[in-house]
Each structure stands twice: as C-alpha cells, then as structure tokens.
Amino acid sequence: MAKQNDAFLKKLLATFRVEADEHLKAMSAGLVKLEKNPAAGRYAEIVESVFREAHSLKGAARAVNIKEIESVCQPLESVLAALKGNQLTVSPPLFDLLYQTVDALGGLLVGDAGTPEPRQVRLEPLIRRLGNAVHGQFAQSGMARPVTLAQHTPTAQLPDAQVETAAPAEAAAPVAAPSPVTSLTSETVRVSTQKLDAVMRQVEELLSPRLASAQRAKELREVTVSFVTWKKQRARIRPTLRLIERYAEKADNGAAGGLHKFQAPEFPAKALPKLLEHLEAEQLFMKALEERLLRLSKFAAHDRHTLAGMSDSLLHDVKEMHLLPFASLLESFPRFIRELARDEGKQVELTVQGSEIEIDRRILEEMKAPLIHLLRNCIDHGIEQPSVRQDRGKPPHGTITVAIAQKDGGKIEILVADDGAGIDAAKVKAAACRLGAVSAEEADKLSAQEAQALIFQSGISTSQIITDVSGRGLGLAIVREKVERLGGTVSLESGALESRDGGGTSFRIVLPLMLATFRGVLVRVGEHCFVIPALSIERAARVNQQDILTVENRATIPLDGQAVALTVLGDVLELPRRKLPHQDKTGKNQEKTPVVVLGVGHQRVAFQVDEILGEQEVLVKTLGRQLARVRNIAGASVLGTGQVVAVLNVPDLLKSAVRQAAPPPAAAETPAGTHEAAEKQAILVVEDSITSRALLKNILESAGYLVTTAVDGMDAYTTLKTGTFDLIVSDVEMPRMNGFDLTAKVRADKRLGELPVVLVTALESREHRERGIDVGANAYIVKSSFDQSNLLEVIRRLI
Amino acid sequence: MSAPQKNNKAIDWSEVKQRLETARIAIEHIWAPTAGETKQVLEERARALAREPAQAESADERIEVLEFTLAHERYAIASEHVREVYPLEELTPLPCTPSFVLGIVNLRGEILSVIDIKKFFDLPEKGLTDLNKVIVLESEHMVFGIVADAIGGVRRILRADIQPSLPTLIGIREDYLQGVTAERVVILDAGKLLADEKLIVQEQVE
C-alpha cells in the first residue's frame with residue numbers, strides 16, 4: 001500500500017514539475033518582455049500574465065504540498081499585484097529581484113537533494129526582500145546574488161577539479177550543469193492533437209495488413225496440407241514404379257548381353273493404367289498448386305507494398321512529432337544573456353532570427369549546452385566593456401546574433417555572431433605553444449584561419465583570467481565534439497584582426513535537421529562490420545600495395561600529390577590482428593588495399609579496411625545508458641538485415657590514429673612462421689549458443705585453424721556438403737538436429753565417414769558419453785571442465 | 001404395578017429440587033462466565049487479534065526472485081528489477097569496451113548492452129557455458145542485460161531464510177550480494193548493480 005502511494009506521489013510530482021517548468025518559462029518570457037518595453041500599452045497585460053502564472057504555480061505547488069514554492073510565490077504575488085495596481089513601478093533592481101525569484105523557484109523544482117529545512121532557510125532572505133519590495137525598498141543588488149549563486153556554485157566548481165585531474169571527457173557535464181534553465185522539458189513533449197490523430201489513424205490502419213498476413217498464413221498452411229496429401233499418393237504409387245523400373249533394367253541387360261535369349265521379361269501391364277492415372281492426377285494437382293502459389297505470391301507482394309507505404313508514412317509522421325521549433329530552446333536565452341552581461345558590467349543585446357524553424361527534438365536538446373557555451377564565450381571574450389567599445393567607435397552595447405537558417409539537403413545552419421573584439425590569432429598560437437599542441441615553428445607556419453581553428457582544441461584559451469564563466473579552454477572542444485557527434489560541423493570566422501576595432505566573431509554550426517538518418521559507409525574489418533558517417537569520409541579508394549611507403553616509420557599513401565598517413569582500422573579499434581583468410585590470399589585483391597580517408601578540419605588519415613561494403617542510409621541509436629561513452633564509437637545502427645553494427649566516431653578515430661604509433665601495417669601482415677606449419681586445417685564449429693560459438697571460433701582461429709561455423713546440426717550437414725573440412729567440433733543439444741544425430745549422419749555418409757568429430761557438451765552423464773561413442777564421436781569434452789588447451793590437445797591428436 | 005407406586009412414594013422431592021438447582025447453576029455457569037473469566041477470554045482474543053498484523057508483515061518479508069544459472073552456479077535476482085528475459089540470438093561485440101561488456105543487441109528497436117557479470121566480478125573462467133539468455137535489468141536511470149545459461153523461474157523466498165553472504169565460498173564481492181539461501185542460491189543485489197558507477201563505460205580518447 002505504502003509503495004503504491006509513493007509511486008503515485010512520484011508520478012504526481014513529475015507532472016507538477018513539467019507544469020511548473022512551463023509556468024516559470026512563461027514568467028521569464030513575460031519579465032523579459034516587460035523589461036524591453038515597459039512603456040508600451042501592453043504593460044498591464046504582461047504584468048497580468050506574469051501574475052497569473054505565479055498564481056497558477058502557487059496553486060499547483062499547494063496541490064502537491066511543496067511548501068517552499070508556495071512560500072516564495074506568496075510575496076511574489078504581492079509584488080506583482082503592487083505592479084498591477086501601479087503602487088510600484090518597474091526598475092532594474094526590481095527586475096533583478098524578480099529574475100532571482102524565478103531562478104530560485106526553478107532551483108526548488110530541480111533540487112530534490114537536501115532536506116527542506118536548509119532550503120527554507122536559504123529562501124528566507126529572498127522572501128524578506130520580496131516583502132520589502134512591495135514597499136519599494138530594495139536591498140543591495142550584491143546581496144542578492146548569493147541566493148541564486150548558492151545553487152550554481154556547487155555544480156560550477158566541481159568541474160574544475162575534474163579538469164585538472166581527469167580527461168576532458170567528463171567536461172561535457174560542466175557545460176550542461178550551469179545552464180540557465182535546467183532541463184525538464186526533455187521528458188515530456190507536446191504534440192498537436194492533429195498530428196497525434198494522424199498517427200493514431202495510421203496505427204489503426206495497421207490492423208488490415210495484420211489481418212492480411214493472418215490470411216496469408218492460413219492459405220500457406222492449406223497449401224502445405226494439400227502438398228502432404230500429394231506426397232502420400234506419391235508414396236502409394238512407389239511399388240508400381242519399382243515394378244516398371246525392374247522391368248526396364250532387365251530389358252536393358254538383355255539388350256546389352258546381345259545374346260538372343262527369348263526370355264523377354266514380362267511387362268507389368270497391370271501396373272501401367274495405375275501409373276498413368278496417377279500421372280494424370282498429378283498434373284492436375286500441380287497445375288492447381290501452381291495457380292495457388294502464384295496467387296499467394298501476388299497477394300504477398302501486394303501486402304508488402306501496402307505495409308511499406310504505411311510504415312514509411314508512419315515513420316515520417318512520428319519523426320515529425322519529434323520536431324520542435326528553435327524558439328522552445330531560445331526562449332530562455334535573452335534572460336540568461338542579460339544576467340551574464342550585467343555580472344560582467346557589459347551591455348549586450350540578443351537578436352534572434354529564424355527561431356520558428358523546426359528541428360529534431362533530440363538535436364535541440366543536445367545543442368542546448370553548446371549554444372549556451374558559445375553565448376558565454378561571446379560575452380566573456382568577445383564583447384568588450386562599454387568604455388572600450390566607445391574608444392573603438394562602436395556603440396556601447398554589444399550585439400549577439402543567433403540566426404537560424406534552413407539549408408538544402410535537410411540541413412540547418414546556426415550562426416552565433418558577436419560584434420566584439422574577435423579572436424587574436426597570435427594569442428591562440430601562444431596558448432597552443434604553451435600547451436605543446438603545436439611547436440613554435442609549426443605555429444609560425446599556420447595561417448590566421450588555421451590558428452583560430454586551434455581554439456577548438458582542448459585546453460587552449462586566450463583568456464588571461466580564468467573566471468567561473470569561461471576561460472579554461474575546454475568549452476569549445478566540447479562544442480565541437482557535441483556538434484560532430486550529431487553529425488554536424490562547426491566552423492569559425494573571425495573578423496579583421498589587424499584592425500584595432502576587431503571584426504567580431506561568428507561560429508557557424510551546420511546540423512542535420514533530423515537526427516535519425518544519415519548516409520553511412522559500411523566497412524568490414526575481420527568479421528566486424530562498422531558504419532562510418534559519409535559526411536566525414538573524404539574518399540574511399542583502393543591503394544596499390546607498392547604505393548604504401550613508410551615515412552619515419554609510419555605508413556603513408558599518396559593522395560592528390562600529398563602523403564597521407566595510413567593506419568589499420570582494426571588496430572585503431574584495438575581488434576586482435578587476424579591472419580588473412582585463404583580466399584583473400586588467392587584472390588586478386590591482394591595488391592589492392594581498400595582504404596577510407598577520413599578528415600575533420602585540416603586533419604586527414606587513411607584507414608585500411610578489409611572491405612568496403614557500400615553506402616546506405618542508416619539510423620543512429622545510442623548504445624544504451626550503460627555505455628555512456630565508448631572510445632571511437634558514436635552509436636549503433638540496425639541494418640536492413642537486422643544486424644546491429646557500431647557507428648564509428650570519426651574525431652575519436654583521428655585522435656586514436658595519431659596516438660597510436662604503430663608499425664607500418666604492410667610489414668606486420670605476413671603471418672608468423674609457426675602457424676605456417678599448420679597449413680590452415682579447416683574446422684567446422686557447430687554450436688547454437690552465439691557466445692560459445694564465438695569463443696570456440698576465437699580459440700581455434702588463434703591456434704591457426706581456418707574456422708567455419710554452423711548454428712545447428714542441420715546447418716552443419718548442409719555446410720559439410722559444400723566444403724572440405726578436416727574436423728568437426730560440435731555441441732550436442734541443438735535445435736533441429738542435435739550433435740549425436742549429426743555424428744551418426746556423418747558416419748553414415750560415404751564421403752564424410754572418416755571425418756573426426758569432437759563433441760563438446762553440457763551433458764556429463766555416463767549414458768550420454770556412451771551414446772556419443774556409440775554414434776561414432778572421436779572425443780567427448782564436457783563443458784563444465786572445458787579449457788582451451790585441452791580442446792586443442794584433442795584436436796592435435798586427431799588431425 | 002404396586003411396586004413402582006411404592007417407589008413413587010419414596011421420592012425425596014427436596015433432593016430432586018436441589019439436584020435440579022445444581023444442574024441449573026452449572027448450566028448457567030457455562031453460558032455466562034464470570035467477569036474475571038470474561039476478561040480473560042477477551043484478553044486472549046485481543047492478543048490473538050493483535051498478533052495477526054505481525055503475521056501479515058512476515059508475509060511481506062518474502063521477496064520474489066528470478067533464479068538463473070551461470071557457469072554451473074545458481075543465482076537469483078530480485079524480480080522487481082527484472083524487466084524481461086529473452087533469448088540471446090544475435091550479439092554485436094563492441095571494440096574499445098571493457099571485457100565485461102559482451103556487446104550490444106537490438107531489443108525491439110532499442111539498443112541494449114549485454115554484460116557478463118562473471119567477468120565484471122572477476123570470477124575465474126570455468127568451463128564453457130551457453131550464455132543463451134539475457135536478463136534485462138532496469139532501474140530509473142539504468143538499463144542493461146546480463147547473460148545467463150538458463151532461467152530457473154520465479155519464486156518467493158523468505159527474507160529470513162537468506163543468510164548473510166559467504167564471500168569466500170562464492171567469490172562475488174560482498175557489495176553486490178544480498179545473501180545466500182539454504183539451497184546455496186546466491187542472491188545478487190540488482191539495485192546495487194544497477195546503481196554502480198563502475199559498470200558505466202565513460203571513456204574518451206585523450
């Protein structure tokens with residue numbers, strides 16, 4: 001009972017949070033509007049709307065019994081009521097106070113940590129100040145900060161420690177943590193009833209293909225039944241057939257003998273009418289069967305067509321439900337900018353263009369932290385102090401523009417630009433040298449643009465002072481990583497640096513409109529398949545073996561007259577090196593090596609793969625919560641065949657390739673001499689468990705055998721018919737045909753009869769062991785005491 | 001006929017009356033206990049009634065677990081954390097992951113990572129096992145699958161029957177153990193496993 005209550009309360013609270021979040025957002029938006037044009041005729045209307053939001057929030061908080069929110073809303077309402085009644089006029093300190101109140105309320109929504117008492121204590125000064133504000137009294141603005149800061153600092157401080165000790169990997173969190181409005185929206189999404197209805201209709205329509213498929217299944221069953229009947233009739237005619245066969249044989253022998261013995265065998269005349277009758281019936285039956293099958297296949301094709309159309313349109317509509325306008329993300333930004341600028345004594349105006357453009361909700365959610373980071377950068381590094389700006393002949397207030405524009409090919413572009421000082425390439429170079437990212441000579445050679453691009457590297461910052469807002473040089477690296485992970489690109493344009501006024505800075509981010517699909521190239525490395533985003537592939541090529549040259553102990557290939565570093569994808573992914581399978585050795589691919597050239601920015605590396613399988617549309621999914629971040633892997637995708645493949649993370653691959661000072665791949669390829677002696681004996685592994693199958697395959701392959709696998713006895717028997725093997729390693733308990741039956745079948749076969757069979761099984765009893773020997777197995781290994789040296793020993797003894 | 005009449009005359013009516021009276025008192029006594037006796041009965045009844053909630057609580061002291069075998073050992077895991085069990089048919093191994101991550105699977109469109117807890121616990125590799133089943137564990141913030149050789153089924157066990165762990169006997173670190181039953185079924189603490197940060201792969205290329 002108590003448990004149920006708890007769950008109910010939890011649900012209630014979650015609903016409340018979503019609702020409260022909406023109220024807070026509306027209040028913020030209202031306050032920003034109010035501050036922009038307090039004199040406009042809509043003044044009263046806006047105050048009223050904010051007042052109503054505060055009131056609704058109070059009511060909602062009371063319903064779920066969150067007293068703290070109620071206690072803040074109470075005096076807030078009084079202030080707003082005073083504004084409404086014109087007993088109070090708007091002023092900057094009042095706005096500060098109101099914003100802080102909204103912030104504090106937001107903090108209460110998110111912070112379930114901490115007991116209510118300290119929170120109540122923390123809120124008291126705020127409540128007091130709201131009370132005073134009603135009478136037009138404002139405390140020092142400085143005093144006000146701690147209330148909100150208290151909530152931000154713990155999260156903002158934490159990253160510092162991590163930055164120094166740990167990888168910048170964890171730094172993705174710090175950018176996200178101090179965001180102006182904490183993310184609550186991601187858990188719920190509003191969909192217009194119109195869109196929802198459309199989807200619902202389509203889902204209901206799915207009933208018809210379902211019924212159709214049931215009908216097809218029924219018809220197929222009937223066909224099977226009639227086929228069985230035919231088989232029975234066929235069996236009945238068999239004795240007759242044999243009679244005729246025997247007659248034909250005797251007649252043949254007689255003719256061949258050449259001896260004119262007048263012992264002509266008696267023709268089985270009685271059998272003939274029966275046979276003819278059967279053939280007649282069979283012809284009719286076959287005709288009927290053909291018609292039926294034709295009809296069925298026509299229907300099935302039709303069903304498939306219908307279903308494909310339906311699922312495509314359903315997918316499209318559901319994807320569309322994922323689209324949200326940029327406005328839903330940007331609405332909180334004006335306030336955030338205002339506060340940040342005020343804290344730094346700067347004046348900043350934000351202009352937003354194209355906020356009505358819609359984009360995948362998941363992309364929007366992911367882009368929140370990078371955008372906030374870029375805006376922080378603009379304010380902290382870009383926009384100058386008003387006095388400096390005036391000296392440079394600019395208006396005292398800086399302008400930040402966020403412009404969103406639709407581009408062709410399902411892409412959108414976000415431009416974040418400021419009219420500030422721009423980026424000083426010399427400073428960036430100096431910072432990069434200090435960090436050791438580039439040498440002094442290298443730095444000299446860099447163009448201004450290349451130097452600016454360095455700021456995307458981790459640890460490089462031109463900021464003299466590290467503030468709690470920015471300056472650690474991590475942010476832009478994270479921005480780039482995030483954008484690239486979404487399949488986008490980010491580039492930088494900074495104005496004329498030589499001119500004293502500086503030309504401002506713009507970041508240009510290009511993103512796919514939908515997260516879901518992008519083009520990917522499928523490659524094979526050993527038995528692994530991977531997808532590489534086509535966006536990052538500069539080209540796929542086949543390279544002549546003799547063109548691979550070693551420069552400073554690193555392999556390189558020529559490409560457009562330039563030497564490009566070559567690495568083996570399998571090595572970069574830390575896959576064990578496999579000896580080349582037979583067919584590749586004999587094939588004519590030998591001298592041509594397929595490579596994929598990947599490039600991000602100015603960096604280019606060629607990756608050697610075993611095979612390039614083609615390009616296709618892929619849908620990228622995350623790896624699940626347990627695999628939060630895997631090196632070199634961005635996600636996973638399900639191919640049309642149902643096979644799951646990993647999608648590679650190109651920026652990671654490039655970094656890994658640089659890090660890994662591997663020997664030239666060509667040299668390492670010759671198999672070690674010890675294995676040559678084995679001369680690739682072929683083993684068939686039969687096992688229904690995928691994990692055991694992979695394990696056995698691994699063990700045997702690393703011992704130098706050529707391994708083929710089968711999933712059960714039936715599969716194995718078919719495989720045996722098509723290839724030559726030296727030995728079978730088989731499980732016993734398998735579907736369709738078990739190991740005992742397989743062994744018996746092998747022993748009964750003329751060609752395979754002598755093939756050694758090793759049974760590896762969980763069945764330990766003596767009877768089972770005896771049965772294994774009865775059917776003709778050469779060895780019987782019990783799984784519970786299995787170890788690989790034992791297996792290899794047994795195999796060596798047998799072949 | 002005369003003899004009975006004689007007997008009739010010999011009836012001692014006062015004695016009869018007295019006996020009847022005694023019987024009446026005895027009968028009345030049966031149906032109407034004294035105040036003290038009433039109190040005693042009521043108290044007993046009250047005690048019995050008072051005991052009942054205690055018994056109900058002990059029924060709550062059972063936990064429902066899913067039993068499975070892994071490397072020839074019997075394990076169980078509280079069913080409240082188990083989302084589903086499904087057969088492992090396809091598995092895509094992932095490079096650059098710790099060895100306890102077997103790979104990823106497609107579970108009705110959702111990509112799910114599959115973990116070998118034997119490897120995670122650093123248990124010695126013993127023999128060859130099927131690992132044919134995936135038990136999907138889920139909490140509010142985490143979801144992953146663990147492999148098992150066979151599923152034994154769901155049953156309820158008394159909390160009281162769970163002995164504290166015998167780490168030396170089974171080799172799983174105490175942190176992840178809820179205890180061991182009399183039949184030597186090792187009960188894993190799914191909550192702790194799901195909340196464990198060590199299980200989360202969070203790695204970046206330097």
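Q: Which residues of the largest nonpolar core touch the most other members?
A: In this predicted model, A:Val596, A:Phe607 and A:Leu648 touch the most other members of the largest nonpolar core, which has 80 residues. The largest share of this core, 5 residues, is supplied by β19(A).

Q: What makes A:Leu648 a residue in contact with others, once residues up to four places away in sequence are not counted?
A: Contact requires C-beta atoms, placed from the backbone, to lie within 7 Å, and the residues that A:Leu648 touches on this basis are A:Phe530, A:Val531, A:Ile532, A:Asn632, A:Ile633, A:Ala634 and A:Leu653.

Q: Which other core lies apart from the largest one, and how many residues does it have?
A: Another core, of 44 residues, lies apart from it, with A:Leu374, A:Ile383, A:Ala417 and A:Ile423 among its members. As background, nonpolar side chains in soluble globular proteins tend to be buried together. Of the 799 residues in chain A, 32% count as buried, and the secondary structure of chain A comes to 28 helices and 24 strands.

Q: Why is B:Asp149 called partly exposed?
A: A residue is buried with 20 or more other C-beta atoms within 10 Å of its own and exposed with 12 or fewer; B:Asp149 has 19 C-beta neighbours inside 10 Å, and therefore counts as partly exposed. Its place in the chain is the loop between β7 (143-148) and β8 of chain B.

Q: How do you know which residues B:Asp149 meets beyond its neighbours within four places in sequence?
A: By the contact criterion, B:Asp149 is in contact with B:Thr69, B:Leu70, B:Thr129, B:Asp130, B:Leu131 and B:Asn132. B:Ala71, which is 78 residues from B:Asp149 in sequence, is 7.1 Å from B:Asp149 in space, C-alpha to C-alpha.

Q: Why are β8 and β9 of chain B said to stand at the edges?
A: The sheet is an open one of 5 strands in chain B, with the order β8-β1-β2-β10-β9 and mixed pairing. β8 (150-158) and β9 (177-180) each have a single partner strand, so one side of each is left without a neighbour in the sheet. From one strand to the next, the twist averages 30 degrees.

Q: What makes β1 and β8 of chain B a joined couple of strands?
A: Pairing asks for at least two bridges, and 8 bridges join β1 (residues 62-70) to β8(B), the two running antiparallel. Within this arrangement B:Ile63 stands opposite B:Ile157 in β8(B).

Q: How do you know that β17(A) pairs with a strand of chain B?
A: Since at least two bridges are needed, the 2 bridges between β17(A) and β11 (residues 201-202) of chain B meet the criterion, and these strands run parallel. A:Arg629 stands opposite B:Gln202 in β11(B).

Q: What makes up the side of chain A that touches chain B, by class?
A: In total, 38 residues of chain A are in contact with 37 residues of chain B. The largest share of the chain A side, 4 residues, comes from α24(A), and by class that side has 18 nonpolar, 12 polar and 8 charged residues.

Q: What confidence values does the predictor give the complex?
A: The complex receives an ipTM of 0.70 and a pTM of 0.49. For chain B the mean pLDDT is 81, with 84% of its residues reaching 70 or more.

Methods: Residues numbered from 1 in each chain as written. Chains lettered and ligands numbered in written order. Contact = placed C-beta atoms within 7 Å. Nonpolar A, V, L, I, M, F, W, Y, C, P; charged D, E, K, R; others polar. Core = buried A, V, L, I, M, F, W, Y, C linked by C-beta atoms within 7 Å. pLDDT = per-residue confidence, 0-100. Axes fitted to C-alpha atoms, helices over the stretch in contact; angles between N-to-C directions.
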